[in-house]
Amino acid sequence: MEDPDGTIATVAELIEHLHANMSSPHEKELITSRLLGLAKLRKDARIAIGSHSQAMPLFIAVLRNGTSIARVNVALTLSALCKEDDLRVRVLLGGCIPPLLALLKSDASEARKAAAEAIYEVSSGGLTDDHVGMKIFVTEGVVPTLWDQLDPMIKQDKVVEGFVTGALRNLCGDKDDYWRATLEAGGVEIIVGLLSSDNLVAQSNAASLLARLMLAFSDSIPKVIEAGAVRSLLHLLCCDNDISVRASASDALEALSCKSSSAKKAVVDANGIPVLIGAIVAPSKEAMQGGWGQILQDHSVHALANICGGMPSLIMQLGEMSISSRMPSPFTDIIGALAYALMVFDESSGKLEPFDVMQIESLLMKLLKPRDSKLVQERVFEALASLYGNSYLSRGLTHAEAKKMLVGLVTMAADEVQEDLIHYLTNLCSGDMGIWESFGKREGVQLLISLLGLSGEQHQEYAVTLLSILTLQVDESKWAITAAGGIPPLVQLLETGSHKAKEEAAHVLWNLCSHSEDIRACVESAGAVPSLLWLLKSAGPKGQQASAMALTKLIRYADAATVNQLLALLLGELPSSKAHVITVLGHVLTVASHRDLVQKGAPANRGLRTLVQVLNSSNEETQEYAASVLADLFSMRQDICGNLATDEIVHPCIKLLTSKTQVIATQSARALGALSRPAKSTNKMSYIAEGDVYPLIKLAKTSSIDAAETAVAALANLLSDPQIAGEAIVEDIVSPLIKVLSEGTMEGKKNASRALYQLLHHFPVGDVLTSIAECRFTIFALVSLLAATNVEGADSSDILDVLALLARTKQCVNSSYHPWSALAESPSGLEPLVRCLAVGLPPVQDKAIEILSRLCSDQLALLGDLLGRSTQCVFSLAERIVESSSLEIQVGGVSLLICATKDHTNNVVDSLDESGCLKQLIYSLIQMVKCHSLPGTLQFRRAESEVGRATGVVMDKSAQFREGDDFEAPDPAIILGGT
């Protein structure tokens with residue numbers, strides 16, 4: 001330990017000389033005096049004394065056997081040491097309590113003072129969390145001894161009295177067991193007597209002790225009232241007394257009124273309500289400094305709330321007092337107390353009883369009379385500010401934030417402006433007008449704009465916040481601001497305003513740019529971009545966010561200057577957080593040209609590559625934002641992905657997949673997935689090395705469904721590469737795919753179906769879905785997903801691809817289970833597929849035909865009923881038989897048409913006739929018979945017969961069948977020779 005001026009060495013030398021065999025009693029007095037001087041003046045000396053292993057044993061010895069002067073010096077030294085919290089515990093554990101108590105009982109006045117002060121200081125930590133200290137104080141009987149010192153029969157010194165009451169205040173909590181003995185020993189009378197002491201410290205401590213006594217034992221309250229404490233406490237609240245005494249008295253009055261109806265009545269009878277109202281407003285009226293004023297207000301308002309029946313009742317009663325002809329206190333004091341009550345009102349107060357906050361607002365607005373004095377108006381506005389500034393109460397009011405800003409403007413505005421602002425506030429509080437009408441529409445906007453440049457910072461903040469609220473809620477206000485010339489002063493405010501004004505100005509500009517391209521152009525021409533970029537660099541978090549929001553709406557072109565400025569901010573020291581800079585840079589890159597993004601050396605390309613480098617940052621927030629922005633960029637600009645899917649870009653994304661912070665890994669997976677969408681020319685992902693997808697698979701297996709979905713989306717793209725697909729199969733990628741199909745969002749389920757398709761495209765079904773349970777679940781999940789998908793678009797294509805692959809499979813490897821038989825077990829699953837046939841696009845219809853035709857044997861009746869009743873399905877089948885060039889689709893369509901005609905021949909033929917495609921269908925069927933030598937050709941003749949019989953065109957009488965005849969629909973797989 002360094003000791004440049006020898007303090008530590010001096011302390012050590014002095015302590016060594018305290019040994020009894022090394023110094024005389026007089027020398028001990030001199031040594032302890034020098035140690036006391038050092039301890040009072042220097043912290044390092046106190047630490048050195050407290051840290052010395054022999055200090056406390058020697059001090060205790062002096063306290064027991066030293067001269068009176070030496071004992072006083074040691075006691076005062078211990079008091080000085082206790083100023084340091086760490087040393088207080090050492091002093092307490094050093095065994096100082098017994099000798100200090102003995103010293104407190106001595107005849108010497110100075111010795112009692114020193115002992116009382118030391119006991120007060122060593123007890124300053126209380127007993128709440130100090131179990132060892134509590135044991136020491138209890139064992140040594142400290143509290144009873146201190147109470148003995150306050151016996152009225154002992155004419156105690158005022159200094160000792162003050163320290164003793166202070167020590168009792170430190171030691172006696174509201175849940176301790178000392179109070180029972182205190183009550184029995186006449187402690188109430190002692191404490192109440194001290195309230196009338198001319199010792200300020202004793203008065204303050206006595207009031208605090210009285211509060212704790214009443215909180216600990218409510219049955220002490222009658223004794224307290226009987227002893228005359230109520231009038232004494234109210235007297236102590238008066239302005240003539242010291243602020244610490246008044247604060248402690250208010251504490252006692254709160255405790256007194258908390259649990260006893262008789263106590264409340266006693267306070268009211270003693271004219272306590274006006275006194276408490278005066279105490280609430282005293283800090284503002286008397287310009288009090290420090291925390292005592294806050295304590296006085298807090299206890300006083302809660303005491304008054306106890307008397308009135310709760311905080312809501314207090315507020316209502318204060319409101320009624322303000323309009324009463326017989327006021328108990330001055331009007332300004334009542335409104336001031338109401339303002340404070342409104343300010344401290346919280347949710348716990350509101351739960352006690354219903355409270356109509358609009359009634360208070362209405363009452364305060366009625367009190368705004370033009371003829372009232374300036375002071376009265378100030379108090380009313382103070383109450384309104386408290387009302388609108390209270391986050392809990394303001395929930396029950398409309399336009400609370402706008403009203404709060406208006407009140408702020410009114411209190412600071414010049415007289416000629418104030419009248420208009422009060423008029424706006426009155427309109428807004430009436431409830432008859434919206435915010436736009438309350439401000440007089442364009443007139444109000446013009447007034448607010450005029451306050452932006454000709455007023456102080458606070459004025460500007462209120463005015464620009466109101467403009468922000470207006471532009472957020474009223475579209476008409478945006479053109480009003482533009483027409484009134486409001487854009488230039490708003491841009492100027494970005495550079496010269498306060499932090500709050502800059503933030504709100506950026507919000508206004510964001511709202512303006514979001515509304516109209518014409519207004520956006522006006523904001524841009526006013527030079528807002530450089531000012532917002534400066535704000536992005538110099539503002540706090542909220543200002544940076546507001547600036548970023550405005551810039552993303554304002555910037556439409558990725559010019560080199562803007563990109564270079566953003567790169568300077570990203571790579572420079574300021575701002576310390578790069579999150580919003582990255583957001584803006586990402587937006588600028590999305591509007592850059594393809595050439596600038598892919599050409600090395602171009603500003604946009606440098607910006608993109610810098611973002612990729614930022615992925616290696618040690619700052620997790622920076623990594624997260626960079627990964628997110630890159631993911632958005634690659635998703636929006638698919639045109640650049642083919643050029644940028646290189647090791648230099650991809651590997652940093654892969655590296656972040658192993659991040660311990662899941663959100664970073666998830667964003668990195670998004671970026672990788674967007675960048676890795678397969679090109680049409682090849683499915684080979686040359687930039688993905690062996691093992692690179694393992695972290696992505698691990699992320700897909702995480703418990704977070706959001707993270708799993710993101711990883712699955714990336715894998716759905718990457719699995720088109722057969723090598724990656726093989727690695728994924730080995731790592732059991734199917735389990736997370738099934739989980740996403742079960743628990744994920746619609747988008748997540750679609751990506752899972754795409755990933756399954758890629759796997760089934762590369763491997764047999766039995767290698768992908770290794771159990772019957774997996775097959776069954778997958779098919780049911782896909783059909784359910786199909787039911788929730790818009791089949792008229794392309795969204796259903798990936799789902800149908802998987803179902804078609806499964807439909808073609810004869811059976812799983814090592815199992816006689818046919819995957820497609822799962823759907824045959826659940827007939828309700830056919831309806832989404834029939835809907836695809838009815839309303840889907842031709843590619844969707846073809847896949848539906850391919851799938852449904854496999855069920856002709858297993859679900860002949862149900863399938864025939866669903867198809868035969870749908871005119872649209874019949875027409876779609878005929879159309880695809882006629883127009884498709886695929887023999888598989890033609891055969892499948894014929895099989896389904898035969899199913900439909902089994903029980904609904906007339907309906908089918910009528911539908912075909914009405915559609916005008918009947919003859920074309922018959923012709924196509926004849927051509928299929930002629931051109932293809934297929935097993936099951938008889939089935940085509942059956943179709944010809946059913947259609948021909950109904951139309952009178954008979955090709956082969958031996959092949960005629962009637963409605964209801966028993967026959968089997970052909971299996972396309974058999975007709976085509978299997979798959």
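## Briefing: buried charges, helix contacts and backbone features

Lys 478 and Asp 475 form a salt bridge whose closest N and O atoms are 3.1 Å apart; the term denotes a side-chain nitrogen of Lys or Arg within 4 Å of a carboxyl oxygen of Asp or Glu. The model is predicted, so local features need pLDDT of at least 70 and side-chain atom pairs count only at pLDDT 80 or more, whereas totals for chains, interfaces and linings use all residues. Residues are numbered from 1 along each chain as its sequence is written, and side-chain values use heavy atoms, with hydrogens and water left out. The structure holds 27 salt bridges.

**Salt bridges and their surroundings**

- Lys 478 is buried at 8% relative accessibility (buried: under 20% relative accessible area; exposed: over 50%; partly exposed: in between; 1.4 Å probe, protein chains only).
- Arg 246 forms a salt bridge with Glu 286, with 3.0 Å between the closest N and O atoms.
- This pair joins distant parts of the chain, 40 residues apart: Arg 246 belongs to helix α17, and Glu 286 to the loop between α19 (272-285) and α20 (291-308). Helices here are DSSP runs (H or I, at least four residues), numbered from the N terminus.
- Arg 246 is buried, with 3% relative accessibility, whereas Glu 286 is partly exposed, at 36%.
- In helix α34 (residues 517-525), Arg 520 and Glu 517 lie three residues apart, about one turn of the helix, and their side chains meet in a salt bridge with an N to O distance of 3.0 Å.
- Arg 520 has a relative accessible area of 3% and is therefore buried; Glu 517, at 39%, is partly exposed.
- A network of salt bridges links Glu 517, Arg 520, Glu 524 and Arg 556.

**The α16 and α17 pair**

- The axes of helix α16 (residues 229-236) and helix α17 (residues 243-258) come within 8 Å and cross at roughly 140°. Axes are lines fitted to C-alpha atoms over the stretch in contact, and angles between N-to-C directions run from 0 to 180 degrees.
- Helix α16 contributes Val 230, Leu 233, Leu 234 and Leu 236 to the contact (heavy atoms within 4.5 Å).
- From α17, the contact includes Val 245, Ala 249, Ala 252, Leu 253 and Leu 256, as well as Arg 246, the residue that also forms a salt bridge with Glu 286.

**Buried positions in other helices**

- Lys 403, in helix α26 (residues 400-412), is buried at 1% relative accessibility.
- Leaving aside neighbours within four places in sequence, Lys 403 is in contact with Glu 361, Tyr 388, Thr 398, Leu 425, Leu 428 and Cys 429.
- The buried residues in helix α3 (residues 43-51) include Ala 45, Arg 46, Ala 48, Ile 49 and Gly 50. Their cover includes α1 (7-16), α2 (25-41), α4 (55-65), α5 (68-81) and α6 (85-93).

**Backbone features in loops**

- The peptide bond from Leu 574 to Pro 575 is cis, with omega near -5°; Pro 575 lies in the loop between α37 (560-571) and α38 (579-590).
- Ala 287, a residue other than glycine, has a positive phi near 50°. Ala 287 sits in the loop between α19 and α20 and is exposed, at 52% relative accessibility.
- His 399 likewise has a positive phi, near 55°, in a residue other than glycine. His 399 is located in the loop between α25 (374-389) and α26 and is partly exposed, at 27%.

Methods. Helices (H or I, at least four residues) and strands (E, at least two) are DSSP runs, numbered from the N terminus.
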